[in-house]
Amino acid sequence: MIRRDMLKWGALASALAGAPAAALARAGAGLDVLLLDTRFGEGAAVDMGAARVLTFAGDVTRIWYDHLDRAWRQPGFVVGGITGADALFVLETLAQQQGRKVVARNVLAAVDGIAPVSWVIAPVHPSVLA
C-alpha cells in the first residue's frame with residue numbers, strides 16, 4: 001500500500017466513526033463516492049465537497065452495475081457510506097473480489113429498529129492501488 005492511499009482512507013476511517021451528518025461533512029472530500037441508504041433519512045443534503053453522493057433504498061444492485069463494478073476495475077477508488085448491515089454485506093463481498101475490503105466500520109444508533117453502519121471500503125492489494 002502506498003503512503004497516499006494509507007493517508008486517504010486512514011483519515012476517512014476515523015472521520016466516519018462519529019455521528020452520520022458530522023462524519024459525512026468531514027469525510028466527503030476524501031471519498032471518491034459516498035453511498036447513502038435512504039432508509040435512514042435523507043443525508044444527501046449534507047454539503048459533501050468533492051465526493052459524489054449516490055443514494056439508494058436498501059438494494060445496492062443498481063449502484064453496483066451502474067457505478068462500482070466499473071470503478072473498482074480501475075486502480076484506487078475509495079467508497080464510504082452509511083447503509084444497513086445487509087447492503088454492507090453485499091458491498092463487502094463484491095469488494096473482496098476486486099482487491100478491496102472494509103477498512104472501517106461503526107454501528108450507529110438504530111433507526112426504526114435497523115442499525116445503520118458507517119463504513120469505508122478501500123483498496124488493499126498492490127494491483128488495485130493508484
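Tutor: Let us begin with a single residue. D37 is found in strand 1, and the model in which we examine it is a predicted one.

Student: Is D37 buried or exposed?

Tutor: Residues under 20% relative accessible area count as buried. D37 has 2% relative accessibility and therefore counts as buried.

Student: Which backbone atom does the side chain of D37 reach?

Tutor: The side chain of D37 reaches the backbone nitrogen of G58 at 3.2 Å. Beyond its neighbours within four places in sequence, D37 has contacts with F56, A57, G58, I82, T83 and G84.

Student: What is the order of the strands in the sheet?

Tutor: The five strands form an open sheet in the order 2-1-3-5-4, and the pairing is mixed. Strand 2 and strand 4 are the edge strands, each pairing on one side only. From one strand to the next, the twist averages 20°.

Student: How many bridges join strand 4 and strand 5?

Tutor: Seven bridges join them, in the antiparallel sense. As one instance, K101 has A122 of strand 5 as its bridge partner.

Student: Which residues of helix 4 are buried?

Tutor: They are A87, L88, L91, E92, L94 and A95. Seen down the axis of helix 4, these buried residues fall within an arc of 165°, so they line one face of the helix. On the other side, F89 and Q96 are exposed.

Student: What covers the buried residues of helix 4?

Tutor: The covering elements include helix 3 (61-71) and strand 1 (33-37). Helix 3 itself lies across strand 1, strand 2, strand 3 and strand 4, and runs at about 145° to strand 2.

Notes: Residues numbered from 1 in each chain as written. Predicted model: local features only at pLDDT ≥ 70, side-chain atom pairs only at ≥ 80, totals over all residues. Heavy atoms only, no water. Buried < 20%, exposed > 50% of the residue type's maximum accessible area, 1.4 Å probe, protein only. Helix = DSSP H or I, 4+ residues; strand = E, 2+ residues; numbered from the N terminus. Arc of directions from axis to C-beta. Contact = heavy atoms within 4.5 Å. Polar contact = N/O pair within 3.5 Å; in protein donor to acceptor, adjacent residues only side chain to side chain. Pairing = 2+ DSSP bridges. Axes fitted to C-alpha atoms, helices over the stretch in contact; angles between N-to-C directions.
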